[in-house]
Amino acid sequence: MRLLLAEDDALLADALSAQLRQAGFEVEHVENGAVAEYLLLKQPFDLAILDLGLPMLDGLSVLKRVHAAKPQFPVLVLTALDDLESRVTTLNAGADDYLTKPFDFPELEARLRVLLRRSQAAQPAPAGVAASSTLGRLVLEPQARRASVAGEPLELSPREWTLLELLSTQRDQVVTKEQINQAWSGEGGEAGGAGNSIEVYIHRLRRKLEGSGLNIRTVRGLGYLLETSEAARG
Ligand code: CA
């Protein structure tokens with residue numbers, strides 16, 4: 001998720017950028033309204049956090065211009081002003097949500113997720129990228145890197161997620177250990193390197209998929225394949 005943060009308070013912007021990155025967003029930070037407007041009109045972003053009090057061009061003007069060009073683009077406005085009139089003005093100018101400083105990061109993150117879900121639901125998914133896919137009782141949301149079984153979210157590490165996504169996109173086809181290692185090479189962070197680490201992750205994933213109606217079958221000497229439990233029995 002690519003996010004533009006327009007905020008001229010350097011301390012707040014640094015703290016927010018770090019927290020947003022931690023939460024999985026790709027963050028572009030700008031300090032004035034003119035650059036914010038330029039980037040929002042020229043570059044692809046998934047959403048923007050816009051401070052109202054910005055130098056060069058104030059946040060409300062940025063909001064109006066971006067909203068005129070991209071009416072569906074989600075914007076969350078940050079402001080120190082907490083009076084009804086400015087809130088109404090901001091929402092009328094096209095803001096999707098509004099947060100008054102000071103705020104807690106979890107609240108900001110929760111609101112951003114709502115905006116993203118709403119805008120993704122409003123747009124058709126780009127070709128080849130489904131917003132979600134369902135296999136048995138397993139639902140995968142590739143953009144959010146989330147999975148759930150029968151509505152219960154699965155707690156997956158980045159490697160487990162990557163493994164599950166790879167297996168599910170090549171359903172009923174063998175996924176080789178080379179493919180798994182290749183998919184993991186971009187992940188980093190998690191300790192690995194042991195010769196049996198793929199087996200360990202497969203084992204963990206099998207346990208997490210219990211009750212999903214899916215099974216990860218080991219194809220000796222070749223790799224693994226994800227299949228429905230019915231196929232496994234037959
Ligand atoms: Ca400001």
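Trainee: Which residues lie nearest the centre of the largest pocket, and how many line it?

Mentor: A pocket is found on a 1 Å grid over the protein atoms alone, as an open set of points where a 1.4 Å probe fits, with protein on both sides within 12 Å along at least five of seven lines; lining residues have an atom within 4 Å of a point. Here 23 residues line the largest pocket, and Arg113, Gln143, Ala144, Arg145 and Arg146 lie nearest its centre. Two or more lining residues come from each of helix 5 (105-122), strand 8 (146-149) and helix 6 (158-169), with helix 5 giving the most, 5 residues. Helices (H or I, at least four residues) and strands (E, at least two) are DSSP runs, numbered from the N terminus.

This is a predicted model: local features need pLDDT of at least 70, side-chain atom pairs count only at pLDDT 80 or more, and totals for chains, interfaces and linings use all residues. Residues are numbered from 1 along each chain as its sequence is written, and side-chain values use heavy atoms, with hydrogens and water left out.

Trainee: What are the protein donors of the calcium ion?

Mentor: Donors are N, O and S atoms within 2.8 Å of the metal (3.2 Å for Na, K and Ca); water is not among the atoms, so sites may look incomplete. The calcium ion has Asp8 (OD), Asp51 (OD) and Gly53 (O) as protein donors, at 2.1 to 2.4 Å. Asp8 lies in the loop between strand 1 (2-6) and helix 1 (10-22), and Gly53 in the loop between strand 3 (47-51) and helix 3 (59-69), so this pair ties together parts that are 45 residues apart in sequence. Along the chain, the spacing of the donors is D-x42-D-x1-G.

Trainee: Are Asp8 and Gly53 buried, partly exposed or exposed, and which is the relative accessible area of each?

Mentor: Buried means under 20% relative accessible area, exposed over 50%, and partly exposed in between (1.4 Å probe, protein chains only). Asp8 is partly exposed at 35%, and Gly53 is partly exposed at 47%.

Trainee: Which residues touch the most other members of the largest nonpolar core?

Mentor: A nonpolar core is a set of buried Ala, Val, Leu, Ile, Met, Phe, Trp, Tyr and Cys residues joined through side-chain atoms within 4.5 Å. The largest one has 23 residues, and Leu138, Leu163, Leu164, Leu167, Ile180, Leu209 and Ile216 touch the most other members. Helix 6 gives the most to this core, with 5 residues.

Trainee: Which residues have a positive phi although they are not glycine, and where is the cis peptide bond?

Mentor: Most residues other than glycine have a negative phi, and most peptide bonds are trans. Met56 has a positive phi of about 75 degrees; Met56 sits in the loop between strand 3 and helix 3 and is exposed at 70% relative accessibility. Arg145 has a positive phi of about 55 degrees, lies in the loop between strand 7 and strand 8, and is partly exposed at 39%. The cis peptide bond joins Lys101 and Pro102, with omega about -5 degrees.
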